[in-house]
Amino acid sequence: MYTQLSLWEEPKAESQKHGQQLSLPDAEVIMYRDFFNNNESNEIFAELYGTINWKQEVTLLFGKQVAIPRLTAWYGDAGKSYTYSNIKMEPNLWTPTLITIKSKIEAIAGTVFNSVLLNLYRDGKDSVAWHSDDESELGENPAIGSVSFGATRRFMLRHKYQKEMKLEIQLTPGSFLLMKGQTQHFWQHQIPKAAKVTEPRINLTFRKVR
Ligand SMILES: O=C(O)CCC(=O)C(=O)O
Ligand SMILES: [Fe+2]
């Protein structure tokens, strides 16, 4: 089913410390598996679950209003609104926990993020469909910093033009996945529904909106 690419490349530079680069053509995707330890992950999950201003957004699908299959929230610098799946989002203002996470991943990513989209997958029925994070307000080659807490979910990648090139990894709690370079031009990603998953997962994708 999946092309037999070897999953990992060794880190290329000391600056990539404990990250492992996925062995994907036309992409730069680096996984930092235990970026937050178990205690930190549990604490952060509980806090975000209880305090984030989660919303059920709807989108237009063939002219019909459809609830998207997860809860979301948008936080960031004031004035940086963002359109996602036809939904225009005004940011909530940063919380101390979000700022702490942001600073930790910025140090590794070597970039400054000004906003974060949070996703709450209530259980395995929630998902995100195939897409690229290629909205024009993210710029030409956006760095997207993706942090996960709670349930482990499958993260699938497929090449947009060579459809047989696919890869999937498990996004475990405390992991930090960095996508950068040309990745969004050539690859799509999704979190598929997962019948066996009954626990919630929270994902944060840090972005830089122009
Ligand atoms: O939940 C994830 O790991 C991915 C979320 C995502 O792709 C997005 O919000 O753009
Ligand atoms: Fe995405």
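User: Why is Thr 111 called partly exposed?

Analyst: This is a predicted model, in which local features need pLDDT of at least 70 and side-chain atom pairs count only at pLDDT 80 or more, while totals for chains, interfaces and linings use all residues. Residues are numbered from 1 along each chain as its sequence is written, and chains are lettered from A and ligands numbered from 1 in the order in which they are written. Now the count: Thr 111 has 15 other C-beta atoms within 10 Å. A residue is buried at 20 or more such atoms, exposed at 12 or fewer, and partly exposed in between, with C-beta atoms placed from the backbone. The value 15 falls in between, so Thr 111 is partly exposed.

User: Where does Thr 111 sit, and what does it touch?

Analyst: Thr 111 is in the loop between α2 and β9. Helices (H or I, at least four residues) and strands (E, at least two) are DSSP runs, numbered from the N terminus. Setting aside residues up to four places away in sequence, Thr 111 touches Glu 106, Ala 143 and Lys 208. Contact means that two C-beta atoms, placed from the backbone, lie within 7 Å.

User: How do you know that the length of α2 fits a helix?

Analyst: The expected span is 1.5 Å times one less than the number of residues. For the 14 residues of α2 that gives 20 Å, and the end C-alpha atoms are 20 Å apart, so the two agree.

User: Which residues of α2 are buried, and why are they said to line one face?

Analyst: Leu 98, Ile 101, Lys 102, Ile 105 and Ala 109 are buried. Down the axis of α2, these buried residues fall within an arc of 100°, so they line one face. The arc is that of the directions from the helix axis to the C-beta atoms. The general rule is that an α-helix has 3.6 residues a turn, so residues three or four places apart point the same way. The face turned away from the buried side carries exposed residues, Pro 96, Ile 99, Thr 100, Ser 103 and Ala 107. Cover for the buried residues of α2 includes β6, β9, β11, β14 and β16.

User: What makes α1 pass the same checks?

Analyst: Helix α1 runs over residues 38-51, and its 14 residues should span 20 Å; the end C-alpha atoms are 20 Å apart, which agrees. Its buried residues are Ser 41, Ile 44, Phe 45 and Leu 48. They fall within an arc of 105° seen down the axis, so they line one face of α1. Asn 39, Gly 50 and Thr 51 are exposed on the other side. Cover for the buried residues of α1 includes α2, β9, β11 and β16.

User: How do you know that β12 and β13 pair?

Analyst: Strands pair if DSSP finds at least two bridges between them. β12 and β13 have six, in the antiparallel sense, so they pair. Arg 153 stands opposite Leu 171 in β13. A hairpin of six residues joins the two strands. β12 also pairs with β15, again antiparallel, over four bridges. There, Arg 158 has Gln 188 as its bridge partner.

User: What makes a residue part of the shell around ligand 1?

Analyst: Its C-beta atom, placed from the backbone, must lie within 6 Å of the molecule. That shell includes His 189, Phe 155, Leu 171 and Asp 133. β9, β15 and β16 each supply at least two of its residues. By class, the shell has five nonpolar, five polar and one charged residues. Ala, Val, Leu, Ile, Met, Phe, Trp, Tyr, Cys and Pro count as nonpolar; Asp, Glu, Lys and Arg as charged; the others, Gly among them, as polar.
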